[in-house]
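Dear colleague,

My notes on it follow directly after.

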Amino acid sequence: MGGVRTFLLAACILFSSAQLSAGVTRHYKFDITLRNATRLCTTKSIVTVNGQFPGPRIVVREGDRLVVKVVNHVRSDITIHWHGIRQVQSGWADGPEYITQCPIRTGQSYVYNFTTAGQRGTLWWHAHASWLRATVYGSLVILPKRGVPYPFARPYKEVPIILGEWFNADPEAVIAQALRTGGGPNVSDAYTINGLPGPLYNCSGKDTFKLKVKPGKTYLLRLINAALNDELFFGIANHTVTVVETDASYVKPFDAEALVITPGQTANVLLHAKPTFPNAAFLFAARPYATGQGTFDNTTTAGVLEYHNPNRASTKLPLLRPALPSLNDTANVTNFASKLRSLADDRYPSDVPRTVDRRFYFTIGLGTDPCPTNRTCQGPNGTKFAASVNNASFVFPSTALLQAHYYSQSNGVYTTDFPDIPPFPFNYTGTPPNNTFVSKGTKVVVLPFNTSVELVLQDTSIQGIENHPMHFHGHNFHVVGQGFGNYDPVTDPCNFNLVDPVEKNTAGVPVGGWLAIRFRADNPGAWLMHCHIDLHLSWGLKMVWVVNDGPLPNQKLPPPPSDLPRC
Ligand code: C2O
């Protein structure tokens, strides 16, 4: 009898631990500090986490809880955002300054506490204050639960590859000057791979990331585009890769010679090393996909892929360069985007909403602000550059929006009149209107809990058509359709993919085109949606969705943590 009971108990424990999504709690400390760094023969002081650049790698398992104490030892205000983490019922830990929290001031600290339940894949973290993410970023890898395999052959090794953007100047000074003059900012000096520009820049050869592989093995590259302002093509000379995941959602595998990866996006790709030792070394490289009219950093970062051969003395091998798509190869980008399909199988079904409660149509793009009197401005025709969603250019409130929402004190902080449709219809991708001034304000859309939303994002031609990588906090979305020109609400929905649309947290709105997404507003809080090009973010290309509490206890935003920074 006793034996049977013990057995039952043991079986019970096994069963319940397999059911529980809660994993272990992992504690980290992020000290925000300055350090000197030298790239391209220029030494400067940069803001870092724990003196590391790129910042510390975080590797956890699905279901683990992260508790990260951030202590600010530098003069700039800072926050940290956990890019792609859903933050279900933990909206206070999301991070964007003045949206979910006031910034952490000098000498102060804040503990970010959130779970990775229900998520797996490559994500990342970065500063979400001004342009500090130029140097404050790192990878956040969520491994599947123990015993749960990848839906692809197990790789021999996993390698994070973070693409970044390096300024010889202080990025904070660059954006401050641009906002003051109203003109475009000075561009960066290099792109980087894991913090290193690589051999194609002057005075940079020793700052090259090297990847050593063994013949016949498969490597999982966890790619992250952390660049501030540039979408990038990435490719490896003489190798195709297999794309298996984007934005921490599995996709139906497909082969690609080059990838396009926008700021904010991640991609997991399998690199199949050649079966035998090749008589060459190979560069992997990234350079811009550029669609805007402004100047940009037209340079190429590269790393070296070397085959490890213990039987051969290291001889000088020829170094092959990848053929990356040309700078404005939109056909390549469209083709790549069309191949991204979610697995949509029994194990990883698609939860794209099949029915829609609310529809929205948002124009996104640039615009202008008038130049203050007695000043000269360097934007278009003597104005200042601005950017907007439905012509509303978002102004940060002076206190955290989420707090105002939680305590029902929106008065003087934000208004709930964000337009559902463009306030002044025009031929969005045709000739722009004469008046390109944006309206300023702190406007939100309020959604009842569990609203199923369809949103069409429409690029505009104001100051030039351009691909905008739109990022949504607190939710993943499903890309159900995209196209060029103006969205047609009658014919375009016929082609929507409601079977296996790719699930993303960041997606490029095609240059001179539109993107249709669906999501379920099942996460109470205040969620920023913005262009992940930091310049456009600074110019106001952002808005906020406020998702109200649901009726059940587990559908409510808990009270703020006691150490939530004050403004
Ligand atoms: Cu990766 Cu709001 O950002």
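This is a predicted model: local features need pLDDT of at least 70, side-chain atom pairs count only at pLDDT 80 or more; totals for chains, interfaces and linings use all residues.

Counting bonded cysteines along the chain, their pattern is 1-3, 2-6, 4-5.

Cysteine 41 and cysteine 203 are joined with their sulfur atoms 1.6 Å apart. Cysteine 41 sits in the loop between β1 and β2 and cysteine 203 in the loop between β10 and β11, so this pair ties together parts 162 residues apart in sequence. Cysteine 41 is exposed, at 54% relative accessible area, whereas cysteine 203 is partly exposed, at 41%.

Cysteine 102 is bonded to cysteine 567, with an S to S distance of 2.0 Å. This link is left-handed, with -105° about the S-S bond, and the two cysteines are 465 residues apart. Cysteine 102 is buried; cysteine 567 is partly exposed.

The disulfide of cysteine 371 and cysteine 377 is right-handed, with 80° about the S-S bond.

Serine 204 also lies in the loop between β10 and β11 and is buried, at 1% relative accessible area. A polar atom of the serine 204 side chain is 2.8 Å from the backbone oxygen of glycine 198.

In helix α2 (residues 171-181), the buried residues are Pro171, Val174, Ile175, Ala178 and Thr181. They fall within an arc of 140° seen down the axis of α2, so they line one face of the helix. These buried residues pack against β2 and α5. Just after α2, glycine 182 has a positive phi of about 85°.

With kind regards

Methods. Residues are numbered from 1 along each chain as its sequence is written. Side-chain values use heavy atoms; hydrogens and water are left out. Helices (H or I, at least four residues) and strands (E, at least two) are DSSP runs, numbered from the N terminus. Buried means under 20% relative accessible area, exposed over 50%, partly exposed in between (1.4 Å probe, protein chains only). A polar contact is a pair of N or O atoms within 3.5 Å; within protein, one must be able to donate a hydrogen and the other to accept it, and residues adjacent in sequence count only if both atoms are side-chain atoms. The arc is that of the directions from the helix axis to the C-beta atoms. Contact means heavy atoms within 4.5 Å. A disulfide is a pair of cysteine sulfur atoms within 2.5 Å.
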